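Have a look at the model first, then read on.

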Amino acid sequence: MSGPLFPRWTNTVSRLSVAGLLAVPAISIGGLLAYARSPYVTNQNQPTEQPIEFDHRHHAGDEQIDCRYCHWTVESAPSAGIPSTTVCMSCHAQIWNKSPYLTEVRKAYFADQPIPWVRVHNLPDFVYFNHAIHVNKGVGCATCHGRVDQMAAIEQASTLTMAWCLDCHRNPQPHLRPAEFITSMTWTPPADPKEAAALGETLAKEYEVHSRTSCSTCHR
């Protein structure tokens, strides 16, 4: 009798081949999903070059300037507002009024032109986001934007992905804070979990905050 048509080692090769064919699509899909959530796509923690060097560590940190002084529509409009040259010069007409760092600010002011700031937090056009409703319901600036007072240049601290938004919309209570601390960069909830949970529940009732996961909440 003749021997087997193929040697035994070909069984191993065939099994590995089948496993490879099944693994390639899974690895490819997993790789694409990982890439879509990476900073290269979400822009998280990616430096953004601006036309003017503006150090938030000095303004929001050292000088303790309230966020609302520059982003003046944050409590009343969907957009937080971009500081105009008038806002800048309200201080710098007297402070550092000859600094070379502020040359472009002075040029824009006297030419009555806006400063061409580069947007950092940029949601897709199909996403509706209203700053005012979040701020007035107890969501602090640092919750989404991070410790701005520690940033030399503003970076996107959060992923801004749909999953990230839904995590808060499903359970908003842990992300709420008292209204008087909305713009505070240093406020933290109580260290005791029970006290923190009780505060979140109290604030949710006071601000009438509820879980919102309907598609039409953000996609209108």
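**Helix H6 and its partner**

In helix H6 (residues 103–110), the buried residues are Val105, Arg106 and Ala108; buried means under 20% relative accessible area, exposed over 50% and partly exposed in between (1.4 Å probe, protein chains only). Down the H6 axis they fall within an arc of 165°, so they line one face of the helix; the arc is taken from the directions from the helix axis to the C-beta atoms. This is a predicted model: local features need pLDDT of at least 70, side-chain atom pairs count only at pLDDT 80 or more, and totals for chains, interfaces and linings use all residues. Numbering starts from 1 along each chain as its sequence is written, and side-chain values use heavy atoms, with hydrogens and water left out.

**The rest of H6**
- Lys107 and Phe110 are exposed, on the face turned away from the buried side of H6.
- Helices (H or I, at least four residues) are DSSP runs, numbered from the N terminus.
- After H6 comes aspartate 112, with a positive phi near 55°.

**Packing with H5**
- The buried residues of H6 pack against helix H5 (85–92), with contact meaning heavy atoms within 4.5 Å.
- The H5 and H6 axes come within 10 Å and cross at roughly 120°; axes are lines fitted to C-alpha atoms, for helices over the stretch in contact, and angles run from 0 to 180 degrees between N-to-C directions.
- On the H5 side, Thr85, Thr86, Cys88 and Met89 make the contact, and on the H6 side Val105, Arg106, Ala108 and Tyr109.

Notes:
Helix = DSSP H or I, 4+ residues; strand = E, 2+ residues; numbered from the N terminus.
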